[in-house]
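Please read this briefing alongside the sequence and the coordinates.

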Amino acid sequence: MVENNNTKISAKDVDVFYSEKQALNKISMDIKEKEVTALIGPSGCGKSTFLRCINRMNDLIEICKVTGSIKVDNEEIISSSTDVVSLRSKIGMVFQKPNPFPKSIFDNVAYGPSIHGLADTKSDLENIVITSLKKAGLYNEVKDRLNEPGTSLSGGQQQRLCIARAIAVNPEIILMDEPCSALDPIATAIIEELIDELRLNYTIIIVTHSMQQAARVSQKTCFFHLGELIESGETNKIFTNPDNTKTQDYITGRFG
Amino acid sequence: MNSIVAQERIIALRKKRSAQDLRFKYYGFIAMCLALAVLVFLLYSIFSRGFSAFQKTTILLEINYDQEVLKLTPDSTDQEIEKGKFFKVKKNALNNVFENLSKSDAKLIKKLFSTNIDKEIKNYYIDNPSVLNTTQKLWVTAHSNVDQMLKGNSRRDVPEDRRKLNDIQLSFIDQLVEEDRIQKEFNNFFFTRADSRHPEIAGIAGSFMGSLLTLFVVFILSFPIAIGASVYLEEFAPKNKLTELIEVNISNLAAVPSIVFGLLGLGVLLNVFGFPRSTPLVGGTVLALMTLPTIIIACRASLKAVPPSIKEGALAIGATKSQAVFHHVVPLALPGTLTGTIIGLAQALGETAPLIMIGMVAFIPNIPTGITEPSASLPVQIFLWVESAERGFQEKSAAAIMIILLFLFMMNALAVYLRNRFEKKW
């Protein structure tokens with residue numbers, strides 16, 4: 001594989017507060033283009049909070065305050081002048097629990113392109129929907145029932161539908177917040193394969209509780225603990241020869 | 001304490017605990033039975049009293065549509081027919097109910113018939129102009145006193161001076177019954193006419209129409225306002241002291257006695273803004289103000305019930321806040337919102353006190369056709385009839401209660417249907 005050195009996301013001294021409580025403390029990291037970066041760590045360590053800083057989903061939580069700097073393609077996004085809507089069209093997100101809209105499979109995928117005006121005609125829109133479903137590896141399973149509700153699919157299919165929904169807007173980055181924690185092992189394996197394929201075109205950041213999953217799908221791994229970034233680097237190195245003893249303890253299952 | 005002692009204690013107490021369970025189950029059952037018994041009694045007393053109102057008594061009358069008496073010709077215009085001497089025809093018919101009636105008896109006979117029979121005789125002629133110069137047998141409406149006597153609502157074994165009908169009149173009725181010249185038939189007047197001073201021709205069409213028009217005004221005003229207010233409060237309003245104050249006071253407003261809203265309507269809508277008195281417009285506005293808090297609370301509850309993950313999903317692919325709310329949250333909340341609105345409308349339908357304040361308690365003998373015409377409403381009609389001294393109105397009020405209960409039942413059924421039909425699972 002050809003190594004690339006283009007930094008896609010660059011975070012510097014990111015602090016996050018929920019009211020008085022500090023959830024993240026001086027997080028700085030660089031995330032490379034077209035790689036899978038896994039964020040691991042015990043519950044409550046702030047990895048999801050960091051993920052949600054990148055597409056400003058933390059704005060939804062009134063008491064949440066973010067300071068510091070995150071640059072996406074060298075553009076500052078932690079500022080009041082950031083256009084959150086276009087930022088989110090560039091950064092897709094897949095949630096922990098599959099959350100398809102209670103609409104048809106087609107409408108689920110078509111929603112993003114239609115609000116952003118990506119399709120001029122109906123056939124354009126159909127093309128986008130079909131391509132996105134194909135990219136998410138779901139098309140063959142649902143091609144005969146695009147008008148059935150998205151909620152009628154199985155959990156794993158719903159999650160892939162959510163991935164199709166995210167990539168239908170042509171994002172450059174996909175954030176995944178424990179995308180497999182509500183799925184069975186077979187559905188998980190399918191999603192992991194999919195992540196491996198998507199890596200060719202998208203920058204992916206995945207939060208996961210499963211260290212095996214992090215080891216399987218990611219190239220870079222960042223270990224969070226109590227709101228601090230303890231260690232980050234090549235996945236191989238983190239899992240075989242970590243510098244920090246806390247990382248060592250966590251990945252060997254001594255805590256967390 | 002070792003485990004054997006612990007087991008003994010648990011078993012000893014276990015009996016008491018299961019007895020507690022059983023007792024509670026019976027308390028609940030008894031409470032439910034009591035409530036049910038009261039309900040059955042209520043429905044029984046209403047239905048047993050009200051059913052007779054769906055029938056009216058009619059008497060067979062032989063009417064000679066004599067050209068000379070009527071002063072009409074086959075070529076008479078509508079206006080001439082309107083002025084025809086139908087009262088004379090009626091008088092002749094009444095004098096001939098029985099043979100050889102004395103003058104005083106004829107007067108007593110006249111009182112067995114409704115004052116409406118003039119119109120009935122005239123309308124029959126208007127519908128069938130060919131009956132000129134023929135004698136027709138017509139079933140015409142009996143007076144309420146006769147009607148009530150035959151239905152058994154008035155007793156005939158009380159002294160004559162405490163009866164509406166004297167002994168001679170009773171003997172006339174008996175004779176009519178014997179000769180099969182008196183019958184009970186379906187009371188179409190009850191469903192097609194407005195209020196009247198005469199119970200036998202009073203109906204609920206006027207007040208029913210008034211209630212419908214009022215509810216229409218309530219819906220038009222309260223539904224959009226409630227949706228707007230609840231969407232704003234739930235999704236857009238900043239969470240600060242002011243919105244908190246508004247939220248608390250919406251709950252307070254929902255608990256304000258309805259008569260206060262009636263006074264508001266009287267003081268502000270009628271006296272300051274000059275809304276037309278006694279109309280569905282002002283009644284509906286007052287009831288809309290009264291039901292708004294209830295509907296807003298129901299709307300907010302159904303907006304809250306939409307899982308936040310749906311909104312997050314929309315926001316995460318770059319929907320603006322209003323797109324996320326109006327494309328996803330509001331449609332999902334709509335069944336609940338509609339249900340809440342219908343429950344609010346049902347509350348408005350049964351409300352009497354505020355309408356009394358704005359003059360909808362007036363006697364309105366016409367069926368209203370617009371929201372700016374004076375009209376009654378069902379609960380106020382019941383109130384008016386219950387108050388009336390005439391016995392004939394008692395069965396009418398019970399029947400009107402049946403109608404309003406049926407109306408409410410249908411609205412609630414609609415609410416349940418809408419909720420089940422459009423509720424989406426996720």
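The points below are grouped by topic, after a note on conventions.

This is a predicted model, in which local features need pLDDT of at least 70 and side-chain atom pairs count only at pLDDT 80 or more, whereas totals for chains, interfaces and linings use all residues. Residues are numbered from 1 along each chain as its sequence is written, while chains are lettered from A and ligands numbered from 1 in the order in which they are written.

**Chain A as a whole**

- Chain A contains 10 helices and 10 strands, where helices (H or I, at least four residues) and strands (E, at least two) are DSSP runs numbered from the N terminus.
- The radius of gyration of chain A, taken over C-alpha atoms, is 18 Å, close to the 18 Å that the globule rule (2.2 Å times the number of residues to the power 0.38) gives for 256 residues, so chain A is as compact as a globular protein of that length.
- The C-alpha trace of chain A spans about 55 × 40 × 35 Å along its principal axes.
- Of the 256 residues of chain A, 45% count as buried, a residue being buried if 20 or more other C-beta atoms, placed from the backbone, lie within 10 Å of its own.
- Among the contacts in chain A with a separation of 6 or more, 67% join residues 24 or more positions apart; two residues are in contact if their C-beta atoms, placed from the backbone, lie within 7 Å.

**A hairpin in chain A**

- Strand E1 (residues 7–18) of chain A pairs with strand E2 (residues 21–32) of chain A in the antiparallel sense over 8 bridges, pairing being assigned if DSSP finds at least two bridges between two strands.
- E1(A) and E2(A) form a hairpin with 2 residues between them, and Ser19(A) in the turn has a positive phi of about 50°.
- Tyr18(A) stands opposite Lys21(A) in E2(A).

**The interface of chains A and B**

- The contact takes 17 residues from chain B and 23 residues from chain A.
- On the side of chain B that touches chain A, the elements that give two or more residues are helix H14 (308–316) and helix H15 (321–349) of chain B, and H14(B) gives the most, with 6 residues.
- By class, that side of chain B divides into 7 nonpolar, 6 polar and 4 charged residues, where Ala, Val, Leu, Ile, Met, Phe, Trp, Tyr, Cys and Pro count as nonpolar, Asp, Glu, Lys and Arg as charged, and the others, Gly among them, as polar.

**Domains of chain B**

- Chain B is divided into domain 1 (3–51), domain 2 (55–192) and domain 3 (205–422), with bounds that come from an automatic or database domain assignment.
- The centres of domain 1 of chain B and domain 3 of chain B, taken over C-alpha atoms, are separated by 37 Å, and the contact takes 4 residues from domain 1 of chain B and 6 residues from domain 3 of chain B.

Definitions and conventions: A residue is buried if 20 or more other C-beta atoms lie within 10 Å of its own, exposed if 12 or fewer, and partly exposed in between; C-beta atoms are placed from the backbone.
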